[in-house]
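I am opening a page of notes on this structure, to be read beside the sequence and the coordinates.

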Amino acid sequence: MLSGFVITHTYENRMDTKENFVNFIIKRFTRVWPLHVFITICYLPFVTLAYAMGDSSEILSGDRFSSLSFIANIFFLQSFGFFDSTSWNLPSWSIATEFFAYIFFGFLFVTRLREKFIFILIIFSSFMMLYLYSNMEDTNTFSVFRCFYSFFLGVFIYRCNLQRFFYTGSKVSSIFEFFAIFLVVVFLNSSGFYFAAPFVFSLVILVFSTESGLFSRILKLDFFQMLGMISFSIYMTHALVITYLKGVIVFVERLIGFSLFDYSFGVRVFDFKIGALNEISVFIFLISVVAVSKVTYNYVELFFQRKLNLFFNR
């Protein structure tokens, strides 16, 4: 949703030739592929150790960490129904489908197929495919339609210039921002409205796109700007950090002979049996994700972006 909005803002007037289209795809590829592949490879030591230790849980079953799903991940093909589950780095399903959304977006704009009814048709068709054959939690079969539904809604609302209705004074904008945040909190604590999620977040993006309210000014503080800068790394590394933390805790369990996991709504979670320790573990996790993400942003994202852009532009 946000990606479609931002991509349209950046490229809608810069996609008028085949050369621009090719350059756009190269830039998107060098933006997302290096970190995706790096994080996928970072799972190999964990998987190898799990095999060596004879772990018979999720590691040895299905396509979660199979060699075929590894190859599919390298080529952005892991989210198209070839496997029985989401594989390797779990968040990467959306990166794979979104890359194909970039290609389709570029094709539409370079061929001048920019009329609003085309985006309405894409949004509606994607919604119907999800509604009839899948759902908004799909990450490995019809997930490309989940991505197209949200991505092209972002494109559509930018093309309609709806953000102009939210350019108001600072006080009014602050009120809009407050209610937008309140709406998100209410929505996230509700159930059964998953198909409405893109529209809810569309409203939030429109409200905050004016950058004129109190909360927008808070988000311009250096700390939040830094988080925004490394946000892609945060998204891509957080599951990896969780995986390795789980591995450490399993190792500790075997040493002390005491379970540090519990089940909550069918999901295995850390539980140190002491509330304060659980809170500290969450803090350690957040700090770890930010620290790892700063490293991957500087030494993987930026480094390989420069290298690959130089390679493709030779």
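**Loop between α4 and α5**

I began with Phe-76, which lies in the loop between α4 and α5, and I keep in mind throughout that this is a predicted model. Its phi is near 60°, a positive value in a residue other than glycine, and I noted that Phe-76 comes after α4 in the chain.

Trp-88 counts as buried because its relative accessibility is 3%, under the 20% cut-off.

**Helix α4**

Which residues of α4 are buried? For this helix, residues 67–74, I listed Ser-69, Phe-70, Ala-72, Asn-73 and Ile-74, and I found that these buried residues pack against α2, α3 (44–52) and α5.

**The pair α2 and α5**

I turned to helix α2 (residues 18–42) and helix α5 (residues 92–110), whose axes come within 10 Å and cross at roughly 175°. That angle makes α2 roughly antiparallel to α5, since the cut-off for this is over 145 degrees. By class, I recorded 12 nonpolar, 3 polar and 2 charged residues in the contact of α2 with α5. On the α2 side I noted, among them, Phe-21, Phe-24, Arg-28 and His-36, while the α5 side includes Ser-92, Phe-99, Tyr-102 and Phe-105.

**Nonpolar cores**

I asked which members of the largest nonpolar core touch the most others. Of its 53 residues, these are Phe-24, Phe-105, Phe-119, Phe-151 and Phe-152, and the largest share of this core, 11 residues, comes from helix α7 (residues 143–159). Apart from this core I found another, of 5 residues, among them Val-184, Val-204, Val-207 and Phe-208.

**Whole protein**

Lastly I looked up the totals: the protein has 13 helices and 2 strands, and 42% of its 314 residues count as buried. Among contacts between residues at least 6 apart in sequence, 68% join residues at least 24 apart. The protein exposes about 17,500 Å², of which carbon and sulfur atoms supply 70%.

Key:
Residues are numbered from 1 along each chain as its sequence is written. This is a predicted model: local features need pLDDT of at least 70, side-chain atom pairs count only at pLDDT 80 or more; totals for chains, interfaces and linings use all residues. Side-chain values use heavy atoms; hydrogens and water are left out. Axes are lines fitted to C-alpha atoms, for helices over the stretch in contact, and angles run from 0 to 180 degrees between N-to-C directions. Helices (H or I, at least four residues) and strands (E, at least two) are DSSP runs, numbered from the N terminus. Angles under 35 degrees count as roughly parallel, over 145 as roughly antiparallel, 65 to 115 as roughly perpendicular and the rest as oblique. Contact means heavy atoms within 4.5 Å. Ala, Val, Leu, Ile, Met, Phe, Trp, Tyr, Cys and Pro count as nonpolar, Asp, Glu, Lys and Arg as charged, and the others, Gly among them, as polar. A nonpolar core is a set of buried Ala, Val, Leu, Ile, Met, Phe, Trp, Tyr and Cys residues joined through side-chain atoms within 4.5 Å. Buried means under 20% relative accessible area, exposed over 50%, partly exposed in between (1.4 Å probe, protein chains only). Accessible areas come from the Shrake-Rupley method with a 1.4 Å probe; for residues, only the protein chains shown count as cover.
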